[in-house]
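Here is a short briefing to read with the model open beside you. Take a look at the structure first, and then we can walk through it together.

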Amino acid sequence: MPLAGSTPVTFVITRDRKAAEAFYGGTLGLRRLPGDDFAAVYALAGVPLPLTEVPGHAPSPHPVLGWKVTDIEAKVRELTERGVHFNVYDGMGQDSLGIWTAPDGSAKVAFFNDPDGNGLSLTQA
């Protein structure tokens, strides 16, 4: 496979780079890497995450980035204390923290948004 051994890069698009930097660096606690005039870059578990400003950006209605965690309840509580609001969707059957559990119990997922409305998630499997 031509890309099988290559390191992926994921991008998050923002309308307001300064607000995104405060959220990803401050609220989520990601480590800042050297960037340039076009992107603020953060370390994402060994993968670069550039935050790129695009005027008029409209966020996707679906998650664009997520994290696999070992204790979703602890992470939801920690992020809630840092000001993150978790999304609760009608009819999904999420618990009081906003965590959805798969019918077979194999996974738990919690959804939230960055300042631009980009969908983010936590998953415990």
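Predicted model: local features only at pLDDT ≥ 70, side-chain atom pairs only at ≥ 80, totals over all residues.

Residues are numbered from 1 along each chain as its sequence is written, and side-chain values use heavy atoms, with hydrogens and water left out.

**Aromatic pairs**

- The structure holds four aromatic pairs, counted when ring centres of Phe, Tyr or Trp (its six-membered ring) lie within 6.5 Å; planes under 30 degrees apart are stacked, over 60 edge-to-face and the rest tilted.
- Phe 23 and Tyr 24 make an edge-to-face pair, because their ring centres are 5.3 Å apart and their planes meet at 85°.
- Both Phe 23 and Tyr 24 are buried (under 20% relative accessible area, with exposed over 50% and partly exposed in between, using a 1.4 Å probe and protein chains only).
- Tyr 89 and Phe 111 are also edge-to-face, at 5.8 Å centre to centre with 75° between the planes.
- That pair links distant parts of the chain, 22 residues apart: Tyr 89 sits in the loop between strands S6 (86–87) and S7 (99–101), and Phe 111 in strand S8 (residues 108–113).
- Tyr 89 is partly exposed, with a relative accessible area of 39%, while Phe 111 is buried at 16%.
- Ring pairs also join Trp 67, Phe 86 and Phe 112 into a cluster.

**Helix H2**

- Helices (H or I, at least four residues) and strands (E, at least two) are DSSP runs, numbered from the N terminus.
- In helix H2 (residues 72–81), the buried residues are Ile 72, Val 76 and Leu 79.
- Viewed down the H2 axis, these residues fall within an arc of 70°, so they line one face of the helix (the arc is taken from the directions from the helix axis to the C-beta atoms).
- Just after H2, Gly 83 has a positive phi of about 100°.

**Strand pairing**

- S6 and S8 pair in the antiparallel sense over two bridges (pairing needs at least two DSSP bridges between the strands).
- Phe 86 stands opposite Phe 112 in S8, and Phe 112 has Leu 120 as its bridge partner in S9.
- S7 and S8 run antiparallel, joined by three bridges, and their hairpin has six residues between the strands, with Gly 105 at a positive phi near 75°.
- S8 and S9 are antiparallel over six bridges; in their hairpin, with five residues between the strands, Gly 117 takes a positive phi near 90°.
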